[in-house]
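Please read it alongside the sequence and the model.

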Amino acid sequence: MKQARRAATGSQLRRRPKQERSRERIDAILATAKRLIGEKGIDAVTMKEVGALAGGPIATVYHYFPNKSAILATLYERFSEVTRARQREIVVGIDGLESMIAASDRMLDDYYDRVAGDPAIQDLQNAIQADKALQNLDIAETHHQADVFCDQLIHLLKPERREEFRRLVFLFFQLAGGVVRLALTQDKTQGQRMVDDYKSIIHGQLRAFFD
């Protein structure tokens, strides 16, 4: 089931790097693309410009990435890898309701801070909504992260409520992206209030499973 959720998209690396030089080349392409996205926005960035500024011919970019969506997908996957690692560190200590709520707060704060501090990721998060392949990748990633959270504490719940809990947690994780995107359109104080309001909603729903 989890494999099905993570179905491949048509916007992935054309070739997987096998040598250190290839990995370094891909890293240079991605770093250049990310910098340009942060400076100009996704729509203004071209494959030709990425290739030129990454220090090689455009053919080298296409050797690894069939299109710009493939670059975006790989940037998203790398961002998600860091998110997963940080999530695993946070959820490992969950042993009850209060630690579960504290963990959910920490994950949301961490996500908000990382997106707020990176203009390229902000633009990437917005682009996900307009690209079907990236949207599917995002949904699959949300399922994975929600499963990691649930698997850590599902044994604390009554068996008859576990499937409902999984559905709710998936919604929380998926909606978090929209809340953060909206918060970042506001001034810092108002944005933080929105994030805190979303936390309160999550708290109330989580507590209902332990009544």
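## Helix packing and selected residues

His 203 is located in helix 10; helices (H or I, at least four residues) and strands (E, at least two) are DSSP runs, numbered from the N terminus. The model is a predicted one, in which local features need pLDDT of at least 70 and side-chain atom pairs count only at pLDDT 80 or more, while totals for chains, interfaces and linings use all residues. Residues are numbered from 1 along each chain as its sequence is written, and side-chain values use heavy atoms, with hydrogens and water left out.

Leaving aside residues up to four places away in sequence, His 203 touches Ile 101 and Asp 105, contact meaning heavy atoms within 4.5 Å. Between the C-alpha atoms of His 203 and Leu 97 the separation is 9.5 Å, and these residues are 106 apart along the chain.

The two helix pairs are listed here. Axes are lines fitted to C-alpha atoms, for helices over the stretch in contact, and angles run from 0 to 180 degrees between N-to-C directions.

| Helix pair | Angle | Axis separation |
|---|---|---|
| Helix 6 (residues 97-116) and helix 10 (residues 188-208) | about 150 degrees | 10 Å |
| Helix 5 (residues 68-91) and helix 7 (residues 119-128) | about 115 degrees | 11 Å |

Helix 6 is therefore roughly antiparallel to helix 10, and helix 5 is roughly perpendicular to helix 7. Angles under 35 degrees count as roughly parallel, over 145 as roughly antiparallel, 65 to 115 as roughly perpendicular and the rest as oblique.

Helix 6 and helix 10 cross in a right-handed sense, whereas the crossing of helix 5 and helix 7 is left-handed. A crossing is left-handed if the near helix is turned anticlockwise from the far one by less than a right angle, and right-handed if clockwise.

On the helix 6 side, the residues that meet helix 10 include Ile 101, Ser 104 and Asp 105; among their partners in helix 10 are Tyr 198, Ile 202 and His 203. This contact has 9 nonpolar, 4 polar and 5 charged residues. Ala, Val, Leu, Ile, Met, Phe, Trp, Tyr, Cys and Pro count as nonpolar, Asp, Glu, Lys and Arg as charged, and the others, Gly among them, as polar.

In the other pair, Leu 72, Leu 75, Tyr 76 and Phe 79 of helix 5 meet Ile 121, Leu 124, Gln 125 and Ile 128 of helix 7. The classes in that contact are 7 nonpolar, 1 polar and no charged residues.
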